[in-house]
Amino acid sequence: MSEDRFSWRTIVLPLLVLVVTIILWEVIIRVSGLEPYILPGPGEVARTMWQKKEALLGYTLRTGMVAVSGFAISVVLGVVVSLLFSQSAIIRQSGYPYAIFFQTVPIVAVAPLVIAICGYGALSVIVVTTMISLFPIITSTTTGLIAVDRGLLDLFRLNKASRWQILWKLQFPGAIRYLLTGMKTSAGLAVVGAIVGEFFAGHSSGHQGLGYFILVSQNQISTASLFAGTICSTLLGVVVFTSVTVLGRLFLRRWVWEG
Amino acid sequence: MSAIQFRDIEKQFTPESVVVAIDRLEIPAGQFVSLVGPSGCGKSTLLRMVAGVDDPSRGEVTLSDSEHSQCAFVFQDANLIPWRTAQENVRLPLELRGPVTAEQRRTIDQAIEMVGLRKEDFRKFPRMLSGGMRMRVSLARAMVTQPNVLLLDEPFAALDDLLRNQLNEQLLELWYQQNWTSLFVTHNVPEAVFLSQRILVMHARPGRIVADLEVPFEYPRKPLLRNDPDFARFCGEVIAKLAGVTLV
C-alpha cells in the first residue's frame with residue numbers, strides 16, 4: 001500500500017507533532033510554575049539525560065541485552081512448540097491451554113515466583129521476558145503452520161511427498177511471514193518484560209538496567225530522571241521493534257511476500 | 001492398450017450422496033480425452049482418483065504398466081509456491097524424489113523453455129508473472145517428471161480467450177511431441193473439441209458419463225480449424241448433448 005511507503009511525510013509529520021508537544025509542554029511549565037519534582041520541563045529532562053548519559057547508556061544496554069536474550073529464547077522455543085502443535089491436533093489441544101496461560105497470567109504476579117526459583121539477577125529477568133514474549137510467537141507460527149494452501153498440499157501429496165518434506169518445504173516456509181508478525185509483537189513485549197523483570201529482580205550488582213534506574217529515581221523523587229528512564233525505555237522498544245522489522249525485510253524477504 | 005481403466009467406480013463424500021458412478025471406462029495410452037459437464041458432476045473428482053489423491057469408495061482405477069508417480073497434474077489455479085522462483089517451482093517435483101542431478105537441471109530449463117518462457121523469467125517469483133505465464137510454469141512443472149499420464153483440471157479457465165487459444169495450441173504441440181495420455185477437464189466446448197480425440201460428456205447427481213464422442217479432426221490441428229464450419233457443427237453436437245444432460 002502506498003501509505004506504508006517511505007516518504008518525507010512519514011518523517012516530517014510525526015516530528016512536527018513532537019516539536020509542538022515539547023513547545024506546549026515548556027509553555028505549560030513556565031505559565032503554571034509547577035515545581036520540577038512534580039513535573040519538570042523538557043529542557044530539564046534533556047539536561048538530566050545529558051548529565052547522566054553514560055549511566056543511562058549502560059542501563060539501556062543491559063536492559064536491551066536481557067530483552068534481546070529473552071526475545072531470542074521466545075523465538076526458538078515458540079517455533080519448536082508451534083512445530084509440535086502443527087504435527088497433531090491432539091498435541092495442539094493438550095498444549096494450547098497452557099500457551100494461553102502464559103498470555104493471561106499477570107506477569108507482575110508471577111515475577112516474584114520466578115525470582116524465588118531463579119534468584120535475583122539477569123536470569124530471572126530473562127525468564128520473565130521470555131514468558132511475556134513467547135505467546136505471540138506460538139499463536140502466529142502455529143496459525144501459519146496449519147493454514148496450508150489446500151492446492152499446494154494436493155501438489156505435494158500427488159508427488160508422494162513425505163510428512164517431513166511437507167513440513168520443511170511447504171508448512172514451515174509458508175509460516176515464516178506469520179512468525180515475523182508474531183516476532184514484531186513479541187519484540188515490543190520483550191522490552192516491557194525486561195523492565196518489569198528488573199523492577200523485581202534487577203537489584204543485584206551484576207544486573208542493573210532501566211527498571212532498576214526507574215525504581216531508584218522514584219525513590220529519590222527525581223521526576224526528571226524518571227522521564228529520562230521512560231524515554232530510554234521507549235527508544236529501546238523502538239530500536240528492538242525496528243531491528244526485527246528491518247532484519248525481517250532483509251533476510252526473510254522471499255518468504256514475506258505481499259498479495 | 002488402455003492406460004487408464006475405471007471399473008465399477010463409485011465415490012461418496014457422505015453415505016447418502018454418490019458423487020460419481022462409472023461402470024466401465026477405458027482410456028487408451030496416448031489418447032487426448034476431454035471431460036465436459038455441468039459444475040458438480042464430478043469431473044475433478046474423477047481426475048483426483050486417477051492421480052491417487054482421492055480414493056474411490058467402491059471399485060478401482062488402474063493405470064496400466066505405470067505407477068501413480070508417473071502421473072502429473074495441472075491444477076485450475078496455477079498453484080505455484082509464492083516463495084519459490086519459476087525455476088524453483090518447476091524443480092519441486094524432482095526435489096521431492098531426491099537430490100536433483102545436473103542432467104535433471106537441464107531438463108528443468110528445457111521444460112521451462114518448451115512452454116514458452118524466456119530465460120529472464122526463470123528467476124522471477126510467481127507474483128511477478130502474469131496469469132498466463134504462471135500457467136505455463138505450472139505446465140512445465142507437470143512436464144518435468146516426464147509423465148505418461150497428464151491430468152489437467154480446467155487449467156485455462158481463468159484466462160482470456162486469446163491467451164487460452166494460444167496455450168491450447170502450445171499444449172497440443174507438446175502433447176504431439178510427448179504423447180502423454182491426457183485427461184482434460186473443461187467447461188469450454190470449443191476448447192475440448194480443438195484439443196481432444198475423444199470427448200466424454202458427463203451428467204450430474206450422480207456424476208456419470210452420458211456420451212462418448214470421437215472428434216473427427218486430423219492432427220496436427222491448426223488455429224484456423226476453429227473457423228471451420230465442421231468444427232462449429234461438432235461443437236453444436238457436443239453442446240446439444242451437454243444441454244440435454246443439463247435439461248434432464
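Predicted model: local features only at pLDDT ≥ 70, side-chain atom pairs only at ≥ 80, totals over all residues.
Residues are numbered from 1 along each chain as its sequence is written, and chains are lettered from A in the order in which they are written.

Chain A has 10 helices and zero strands; here helices (H or I, at least four residues) and strands (E, at least two) are DSSP runs, numbered from the N terminus. The C-alpha trace of chain A spans about 75 × 50 × 25 Å along its principal axes. The mean pLDDT of chain A is 89, and 96% of the residues score at least 70. Of the 259 residues of chain A, 38% are buried. A residue is called buried if 20 or more other C-beta atoms lie within 10 Å of its own, exposed if 12 or fewer, and partly exposed in between, with C-beta atoms placed from the backbone.

Two strands pair if DSSP finds at least two bridges between them. Strand β3 (residues 32-36) of chain B runs parallel to β8(B), and four bridges join the two. Strand β9 (residues 208-214) of chain B runs antiparallel to β8(B), with six bridges. Ile199(B) illustrates both pairings: it stands opposite Ser34(B), and its bridge partner in β9(B) is Leu213(B). β8(B) and β9(B) form a hairpin with four residues between them, and Arg205(B) in the turn has a positive phi of about 50 degrees.

The domain assignment, which is automatic or taken from a database, divides chain B into domain 1 (2-70 + 152-247) and domain 2 (80-146). The C-alpha centres of these two domains of chain B lie 25 Å apart. Eight residues of domain 1 are in contact with six residues of domain 2 in chain B; two residues are in contact if their C-beta atoms, placed from the backbone, lie within 7 Å.

The largest nonpolar core has 74 residues, and Val36(B), Val50(B), Phe73(B), Ala140(B) and Leu151(B) have the most contacts inside it. Such a core is a set of buried Ala, Val, Leu, Ile, Met, Phe, Trp, Tyr and Cys residues joined through C-beta atoms within 7 Å. Helix α4 (residues 131-143) of chain B gives the largest share of this core, seven residues. Domains 1 and 2 of chain B both give residues to this core, so it lies between them. A second, separate core of 53 residues includes Leu56(A), Tyr59(A), Ile115(A) and Ala175(A).

Finally, the two chains meet. The contact takes 15 residues from chain A and 14 residues from chain B. On the side of chain A that touches chain B, α7 (150-158) and α8 (163-201) of chain A each supply at least two residues, and the largest share, six residues, comes from α7(A).

How values were computed: pLDDT = per-residue confidence, 0-100.
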